Every structure is written in structure tokens, then in C-alpha cells.
Amino acid sequence: MERYAIQIALIIQTITPSDFITLNQTWVGPTLTYKFGQVNLHAAVLANSGKIANTSNSGWLARLEGFTKLGPATLSLLGV
């Protein structure tokens, strides 16, 4: 049986570590989960914009992960 789900991910991150450098990041983009029998695939394409201290940055991330049960363990393969 095939099953899939599409979601929109939104991650907003603000960190002020002990050295007082502020990190503000926003990640947004679609994610897809697809199940085919015993194999599950999860994919995401995320766009990023943010600021680290006084430096602005932007970029993107593409991620694909496949996993399946192997006895009591889960076997996973991740590509970024």
C-alpha cells in the first residue's frame, strides 16, 4: 500500500549563547513523506534566511532520507 503526506515546515530559531552572539534563523519549505510497503522515504527542501550577530545570510537545504525495519533495528540512509 502506498501512502504519502505533504507538509510545510516552518522553523524559527533564536539563540543567544554565552558569548552574546545572537543567532536568528528562519527555515521554510515543503516536506514529503512517502511509504511504500516496508520502505519509508522522507524528503525536504527548505529555504533559509537569517542573521548571525551582524551578518545576514540565506541559503537552502535539500534532504532525502530512506528507512526500513531490519529485525528489531531500523536501517536508515540520509543524503543532504
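Student: Where is T33 found?

Tutor: Strands here are DSSP runs of E, at least two residues long, numbered from the N terminus. T33 sits in strand 2, which covers residues 23–36. Keep in mind that this is a predicted model, where local features need pLDDT of at least 70, side-chain atom pairs count only at pLDDT 80 or more, and totals for chains, interfaces and linings use all residues. Residues are numbered from 1 along each chain as its sequence is written, and side-chain values use heavy atoms, with hydrogens and water left out.

Student: How do strand 2 and strand 3 pair?

Tutor: Two strands pair if DSSP finds at least two bridges between them. Strand 2 and strand 3 run antiparallel, with 12 bridges.

Student: Which residue is the bridge partner of T33 in strand 3?

Tutor: That's H42. The side chains of T33 and H42 also make a polar contact at 2.9 Å. Such a contact is a pair of N or O atoms within 3.5 Å; within protein, one must be able to donate a hydrogen and the other to accept it, and residues adjacent in sequence count only if both atoms are side-chain atoms.

Student: What is the relative accessible area of T33?

Tutor: Buried means under 20% relative accessible area, exposed over 50%, and partly exposed in between (1.4 Å probe, protein chains only). T33 has 31%, so it counts as partly exposed. L41, over in strand 3 (residues 39–52), is partly exposed because its value is 36%.

Definitions and conventions:
Helix = DSSP H or I, 4+ residues; strand = E, 2+ residues; numbered from the N terminus.
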